[in-house]
Amino acid sequence: AEEANISANQVAAGMVLSRDVMNSAGKALLKEGTCLTEELIAQMVGNVSFDRVISRVFVMKSTLPKGAAEVVDAAEDKPAAPEATADERPVIIAVDDEKHVLNALRRELHSAGYEIETFTDVLAALQQLRTEPKVLALITDYNMPGVRGDRFLAQVQKEFPSLPCLVITGQATRDTIVQLTKAARLVKILPKPWDKAVLLETLRTIGQEQAAAPLGQASPNAAT
C-alpha cells in the first residue's frame, strides 16, 4: 500500500501507521499497522523521548483525510526544480538557543532550496547580518538566554529596517505579539512546532515580493 510521510503535528485519529514510530533512542513507540486514536497521539507526542519538531510519521495514504491526501499527491507529483548552487540559494538567518530546532530548520529549508545559516548567539547572528549581502529573511526564537526576542528584533529593525522577520515561539501571547510587531518588520509568528507548509509559503511570498521590487532597490538587509 502507498504511504505518506508527514510531520508529527499532522497526524490525526483514524490514520494507520505504515511504519513503526521511533523515539530519539531508536525504540518503537507505536507499531506498524496501529490505527491512531486521540489517546495514542497524545501519548506519542507527550513522550519525552519523542521530538515532535523534527520527527516524521509514515502512514497509509489511503487513511489520510481527503484534503490532506490531495496535498500529499500534489507535492509528490510536482517535478523537482534544478538544484541551485550554494551561491544561488536565498540565504536565511536562523537564531534559536535550541540546537535541535536549528537542525530541523536546516533540513527543511535546505531541502526546499534555501541556504540557511544558524546561530545560538544573537550577537553572532547580528554580525553575520552585517556582512551577508543577500539575506532573504531572519527567523528567530522569542525566549532566549540573555535576551528577549523583541529586544533582538528591535536592534535588527534599527540596522536593517526592511529585513523580513519571522518568529517561531511557543509563547505567542497577545502582549508578545504586540511587542514583536513594534520591534521589527514582523511577517509571521509561528508556533512551536511549526507547520512546514506555512513556513515555506511565507518564505516563498517574501522571495516573490523581493523579486518584484524595482531595480536598484536596496537589499533587505542593507544597513541604513
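How much accessible surface does the chain have, and what share of that surface belongs to carbon and sulfur atoms? The accessible surface comes to about 12,200 Å², and 53% of it belongs to carbon and sulfur atoms; areas come from the Shrake-Rupley method with a 1.4 Å probe, and for residues only the protein chains shown count as cover.

Before you zoom in, please note that this is a predicted model: local features need pLDDT of at least 70, side-chain atom pairs count only at pLDDT 80 or more, and totals for chains, interfaces and linings use all residues. Residues are numbered from 1 along each chain as its sequence is written, and side-chain values use heavy atoms, with hydrogens and water left out.

**View 1. The whole chain.** The chain has 7 helices and 11 strands; these are DSSP runs numbered from the N terminus, with helices being H or I of at least four residues and strands E of at least two. Of its 224 residues, 37% count as buried (buried is under 20% relative accessible area, exposed over 50%, partly exposed in between, with a 1.4 Å probe and protein chains only). Among contacts with a separation of 6 or more, 66% are between residues 24 or more positions apart (a contact means heavy atoms within 4.5 Å).

View 2. Helix 3 covers residues 99-111, and its 13 residues reach 18 Å from first C-alpha to last, close to the 18 Å expected at 1.5 Å a residue (the expected span is 1.5 Å times one less than the number of residues). Its buried residues are Val101, Leu102, Ala104, Leu105, Glu108 and Leu109. Seen down the helix axis, these buried residues fall within an arc of 160°, so they line one face of helix 3 (the arc is that of the directions from the helix axis to the C-beta atoms). Turned away from that side are the exposed Lys99 and Ser111. The cover over the buried residues includes strands 5, 6, 7 and 10 together with helix 7. After helix 3 comes Gly113, with a positive phi near 100°.

**View 3. The largest nonpolar core.** This core has 20 residues, and Ile92, Leu105, Leu109, Ile139, Trp194, Leu199 and Leu203 have the most contacts inside it (a nonpolar core is a set of buried Ala, Val, Leu, Ile, Met, Phe, Trp, Tyr and Cys residues joined through side-chain atoms within 4.5 Å). Strand 5, helix 3, strand 7, strand 10 and helix 7 each give two or more residues to this core. Helix 3 gives the most, with 5 residues. Another core, of 19 residues, lies apart from it and includes Val122, Leu129, Val156 and Phe160.

View 4. Trp194 sits in the loop between strand 11 (186-191) and helix 7, and is buried with a relative accessible area of 4%. The side chains of Trp194 and Glu108 make a polar contact at 2.9 Å (a pair of N or O atoms within 3.5 Å; within protein, one must be able to donate a hydrogen and the other to accept it, and residues adjacent in sequence count only if both atoms are side-chain atoms). Pro193 belongs to the loop between strand 11 and helix 7 too, and a cis peptide bond with omega of about -5° joins Lys192 to Pro193.

**View 5. Thr202 in helix 7.** Helix 7 (residues 196-211) holds Thr202, which counts as buried at 9% relative accessibility. Beyond its neighbours within four places in sequence, Thr202 is in contact with Leu166, Val187 and Lys188.
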